[in-house]
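Here is a brief report on aromatic rings and their neighbours. Please look at the sequence and the model first.

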Amino acid sequence: QVQLVETGGGLVQPGGSLRLSCAASRSINGIYAMAWYRQAPGKQRELVARIDDIGERNYADSVKGRFTISGDNAKNTADLQMNQLKPEDTAVYYCNFVAWGPREYWGQGTQVTVSQ
């Protein structure tokens with residue numbers, strides 16, 4: 001069974017940066033979208049950023065201009081560069097791959113905490 005593994009979470013001060021990475025445990029064919037979601041305590045999971053197989057990117061309004069998603073279908077990896085982090089960015093971040101079928105894959109989540 002394919003697993004997505006996220007790395008790069010941690011504790012950072014407001015205004016700082018983190019880079020999250022996601023990699024598949026084995027090859028996935030036919031990926032047409034990669035995305036990052038997040039879920040803060042007491043809130044629903046929300047879409048943060050998404051990139052499709054032609055490179056089109058979409059971002060939540062709250063992260064536009066601060067976060068950048070990148071993806072490599074051939075390597076089955078996706079990154080999320082997060083700059084100018086705010087306390088309200090604190091959440092568990094999940095990567096998500098969607099492939100033709102449809103087949104959908106989720107990571108186990110990585111904690112990002114923005115605090116003094």
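Does Y32 count as buried, partly exposed or exposed? Y32 counts as partly exposed, with a relative accessibility of 21%. The cut-off matters here, because buried means under 20%. Keep in mind that this is a predicted model.

Now to the rings. The count comes to 2 aromatic pairs. The table sets them out.

| Pair | Centre to centre | Angle between planes | Type |
|---|---|---|---|
| Y32 and W100 | 4.3 Å | 40° | tilted |
| Y37 and W106 | 5.0 Å | 55° | tilted |

Take Y32 and W100. Y32 sits in strand 4, which covers residues 31–39. W100 belongs to the loop between strand 9 (91–99) and strand 10 (103–106). The two are 68 residues apart in sequence, so their pair ties together separate parts of the chain. W100 counts as exposed, at 57% relative accessibility.

Next come Y37 and W106. Their planes stand at 55°, so the pair is tilted. Y37 lies in strand 4 and W106 in strand 10.

Which ring faces does R45 lie over? One is the face of Y94, where R45 is 3.8 Å from the ring centre. Another is the face of W106, with R45 at 4.8 Å from the ring centre.

Key
Residues numbered from 1 in each chain as written. Predicted model: local features only at pLDDT ≥ 70, side-chain atom pairs only at ≥ 80, totals over all residues. Heavy atoms only, no water. Phe/Tyr/Trp six-rings, centres within 6.5 Å; stacked < 30°, edge-to-face > 60°. Helix = DSSP H or I, 4+ residues; strand = E, 2+ residues; numbered from the N terminus. Buried < 20%, exposed > 50% of the residue type's maximum accessible area, 1.4 Å probe, protein only. Lys NZ or Arg CZ within 6 Å of the ring centre and 35° of its normal.
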